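This report describes one protein model for a reader who has not seen it before. Please look over the sequence and the structure, then read on.

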Amino acid sequence: MTDTPPPTVVIVPGLRDHVADHWQTYLADRLDGARTVPPLVHDRLSRAAHVAALDEVLASVSGPVVLVAHSAGVITTVHWARKPTRQIHGALLATPADLERPLPEGHPSVRELEREGWLPVPRCQLPFPSILGISSNDPLAARRHVAGLAEVWGSRPVDLGRVGHLNPASGHGYWPRAEELVRQLLGSRETERAAS
């Protein structure tokens with residue numbers, strides 16, 4: 001029996017540039033071998049370009065992968081999962097933005113998002129286990145909407161409480177719960193190995 005390497009954590013940011021104070025940045029720095037999908041230089045609002053960037057990072061990783069996605073990065077992940085190019089061990093999906101309703105000023109419009117291929121958001125079971133972190137006061141998505149996504153995606157919902165959009169603007173930089181939830185996803189792999 002050959003031992004497979006531990007999963008590589010791949011960070012999937014939303015539609016932002018690199019943010020030093022973001023919890024995903026801290027998580028990437030704290031986990032050995034973690035990889036981050038880089039911000040796009042061209043076609044920054046293109047869903048297809050974001051999915052291709054994720055796929056490129058995944059193609060460069062050998063062994064199992066755990067995805068850690070936030071905001072529109074969650075939507076990138078579920079679009080990628082419609083035609084996956086590899087197996088994924090599990091995914092932490094944190095506070096997805098509701099791209100189907102108007103977002104606050106400064107964000108792309110629904111019309112722009114539709115034109116760039118983000119809509120409709122896929123509503124089918126994901127082909128890998130996932131945990132969906134739900135905020136009770138996210139300005140970019142109603143709790144009920146996100147809970148509905150957890151159901152159709154087959155994700156285990158986790159109530160994060162009043163964390164806003166779980167970003168620096170809502171007072172969240174380093175977020176230790178991310179490591180706990182990633183450990184839960186990694187733990188499911190250990191359970192599978194012990195049972196085999």
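## Terms and basis

In sorting lining residues, Ala, Val, Leu, Ile, Met, Phe, Trp, Tyr, Cys and Pro count as nonpolar, Asp, Glu, Lys and Arg as charged, and the others, Gly among them, as polar. The model is predicted, so local features need pLDDT of at least 70 and side-chain atom pairs count only at pLDDT 80 or more, while totals for chains, interfaces and linings use all residues. Residues are numbered from 1 along each chain as its sequence is written, and side-chain values use heavy atoms, with hydrogens and water left out.

## Strand S5 and its neighbours

Helices (H or I, at least four residues) and strands (E, at least two) are DSSP runs, numbered from the N terminus. Two strands pair if DSSP finds at least two bridges between them. Strand S4 (residues 90-94) pairs with S5 in the parallel sense over four bridges, and alanine 94 stands opposite glycine 133 in S5. From S4 the chain crosses through helix H4 (residues 110-115) to S5, and this β-α-β crossover is right-handed (with the strands pointing away from the viewer, the path from the first strand over the helix to the second runs clockwise).

Strand S5 (residues 130-135) is also joined to strand S6 (residues 156-161), by five bridges, and S5 and S6 run parallel. Serine 135 stands opposite glycine 161 in S6, and the bridge partner of isoleucine 134 in S6 is aspartate 159. A right-handed β-α-β unit is made by S5, helix H5 (residues 143-153) and S6.

## Burial of strand residues

Buried means under 20% relative accessible area, exposed over 50%, and partly exposed in between (1.4 Å probe, protein chains only). In a regular strand the side chains alternate between the two faces of the sheet. Both faces of S5 are covered: on one side Ser130, Leu132 and Ile134 are buried, and on the other Ile131, Gly133 and Ser135. Six of the six residues of S5 are thus buried.

Threonine 8 belongs to strand S1 (residues 8-12). With a relative accessible area of 15%, threonine 8 is buried. The C-alpha atoms of threonine 8 and leucine 58 are separated by 9.6 Å, and the two residues are 50 residues apart along the chain.

## Aromatic pairs

A pair of aromatic rings is described by the distance of the centres and the angle of the planes. Rings of Phe, Tyr and Trp (its six-membered ring) pair if their centres lie within 6.5 Å; planes under 30 degrees apart count as stacked, over 60 as edge-to-face and the rest as tilted. The structure holds two such pairs. The ring centres of tryptophan 23 and tryptophan 175 are 4.9 Å apart and the planes stand at 70 degrees, so this pair is edge-to-face. Tryptophan 23 lies in helix H1 (residues 23-30) and tryptophan 175 in the loop between S6 and helix H6 (176-195), so the pair ties together parts that are 152 residues apart in sequence. Both tryptophan 23 and tryptophan 175 are buried.

Tyrosine 26 and tyrosine 174 form an edge-to-face pair, with 6.2 Å from centre to centre and 75 degrees between the planes. Because tyrosine 26 lies in helix H1 and tyrosine 174 in the loop between S6 and H6, the pair ties together parts that are 148 residues apart in sequence. Tyrosine 26 is partly exposed at 30% relative accessibility, and tyrosine 174 is partly exposed at 40%.

## Cavity and pockets

Rolling a probe the size of a water molecule over the atoms shows where empty space is left. On a 1 Å grid over the protein atoms alone, a cavity is a set of points where a 1.4 Å probe fits but cannot get out, and a pocket is an open set with protein on both sides within 12 Å along at least five of seven lines; lining residues have an atom within 4 Å of a point. Grid points are joined across faces, edges and corners, and a volume is the space filled by probe spheres set on the points. The structure holds one cavity of 30 Å³ or more. The largest cavity has a volume of about 60 Å³ and is lined by Gly14, Leu15, Arg16, Asp17, Pro39, Leu40, Arg44 and His50. This lining divides into three nonpolar, two polar and three charged residues.

The largest pocket has a volume of about 340 Å³. Of the 19 residues that line the largest pocket, Leu15, Arg16, Ser71, His107 and Leu140 are the closest to its centre. The second largest pocket holds about 220 Å³ of space, and of its 18 lining residues the closest to its centre are Pro13, Arg16, Thr36, Val37 and Pro39. The lining of the second largest pocket divides into eight nonpolar, seven polar and three charged residues. H1 gives the largest share of that lining, four residues.
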